[in-house]
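Dear colleague,

Please find below the structure that I am handing over to you, together with its sequence.

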Amino acid sequence: MAVEWTVAIEGRNEFGDVCRKEVRIDKSWESLFHGDIGLSIGDSKKIMAARQNAVVNHEAETYALLRRVCRDCHTFRPVKGYTTRRIRTVFGTVEVRNPRWMPCRECHPGMVGAFAPLKEICPDRATPELMELRG
């Protein structure tokens, strides 16, 4: 290997949770001798896909955590379960953990059901920017 590039992105939410994602790009001596200098389109796609994955997952987790708090009594709502949700973005599709929260037992006793907070922000399973481009 002639050159190894590590591209990193790091995010921190208001709770202090840190998300860090690194992508490694390796260049061989042979590729350099053949004029393969700089990032290729494939390298760039790999970098942007990894970054988008890190950003979307971290933001989705943060939003879900914010929506878990009951607006009336400020306690955590019970967990119904978790699924995965695929969100289409301009940089590819990202799979995220999709929690389902139940109504607060203190404020809404006897109420059954659950809601998925990520459905609120991506009802079409796509980012608004992607929807606008396709519009």
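This is a predicted model: local features need pLDDT of at least 70, side-chain atom pairs count only at pLDDT 80 or more; totals for chains, interfaces and linings use all residues.

Two strands are said to pair if DSSP finds at least two bridges between them.

**The hairpin**

Strand 3 and strand 4 run antiparallel to each other and are paired over 10 bridges. The two strands make a hairpin, with 2 residues between them. As an example of the pairing, R88 has T93, in strand 4, as its bridge partner.

**Aromatic pairs and the charges over them**

How many aromatic pairs does a search of the whole structure find? The search returns 2. One of them is formed by Y82 and W101, whose arrangement is edge-to-face, with 6.1 Å from centre to centre and 85° between the planes. Y82 belongs to strand 3 (residues 79-89) and W101 to strand 4 (residues 92-101), so this pair ties together parts that are 19 residues apart in sequence.

Y82, at 39% relative accessibility, counts as partly exposed.

Each of these two rings also has an arginine over its face. R68 lies over the face of W101, 5.1 Å from the ring centre. R97 lies over the face of Y82, and here the distance to the ring centre is 3.6 Å.

**Salt bridges**

The structure holds 7 salt bridges, and I describe some of them here. E4 forms a salt bridge with R24, in which the closest N and O atoms are 3.9 Å apart. Because E4 lies in strand 1 (residues 3-12) and R24 in strand 2, this pair ties together parts that are 20 residues apart in sequence. R24 also forms a salt bridge with D26, with the closest N and O atoms 3.1 Å apart.

The side chains of D36 and K27 meet in a salt bridge as well, at 3.3 Å from N to O. As for networks, salt bridges with shared partners join E4, R24 and D26 into one.

With regard to accessibility, E4 has a relative accessible area of 39% and is partly exposed. R24 is likewise partly exposed, at 46%, and D26 is partly exposed at 39%. D36 counts as partly exposed at 34% relative accessibility. Why does K27 count as buried? Its relative accessibility is 8%, and buried means under 20%. K27 is found in strand 2 (residues 18-27). K27 and D124 are 97 residues apart in sequence, and their C-alpha atoms are 39 Å apart in space.

**A nonpolar patch on the surface**

Which residues form a nonpolar patch on the surface? They are W29, L32, F33 and I37, which together have about 520 Å² of accessible area. I37 lies in the loop between helix 1 (29-33) and helix 2 (41-68). With 74% relative accessibility, I37 counts as exposed, since that class begins over 50%.

**Two residues with positive phi**

Two loop residues may deserve a look when you examine the backbone. H74 has a phi near 65°, a positive value in a residue other than glycine. H74 is located in the loop between helix 2 and strand 3, and its relative accessible area of 61% makes it exposed.

R125, also a residue other than glycine, has a positive phi near 60°. R125 is part of the loop between helix 3 (117-121) and helix 4 (128-134). With a relative accessible area of 42%, R125 is partly exposed.

**In brief**

Elsewhere, E4, R24 and D26 are joined in one salt-bridge network, and W29, L32, F33 and I37 form the nonpolar surface patch.

Yours sincerely

Terms used: Residues are numbered from 1 along each chain as its sequence is written. Side-chain values use heavy atoms; hydrogens and water are left out. Patches are made of residues with over 30% relative accessible area and no salt bridge: like charges are joined within 9 Å, nonpolar side chains (Val, Leu, Ile, Met, Phe, Trp, Tyr) within 5 Å. Accessible areas come from the Shrake-Rupley method with a 1.4 Å probe; for residues, only the protein chains shown count as cover. A salt bridge is a side-chain nitrogen of Lys or Arg within 4 Å of a carboxyl oxygen of Asp or Glu. Helices (H or I, at least four residues) and strands (E, at least two) are DSSP runs, numbered from the N terminus. Buried means under 20% relative accessible area, exposed over 50%, partly exposed in between (1.4 Å probe, protein chains only). Rings of Phe, Tyr and Trp (its six-membered ring) pair if their centres lie within 6.5 Å; planes under 30 degrees apart count as stacked, over 60 as edge-to-face and the rest as tilted. A charge sits over a ring if NZ of Lys or CZ of Arg is within 6 Å of the ring centre and within 35 degrees of the ring normal.
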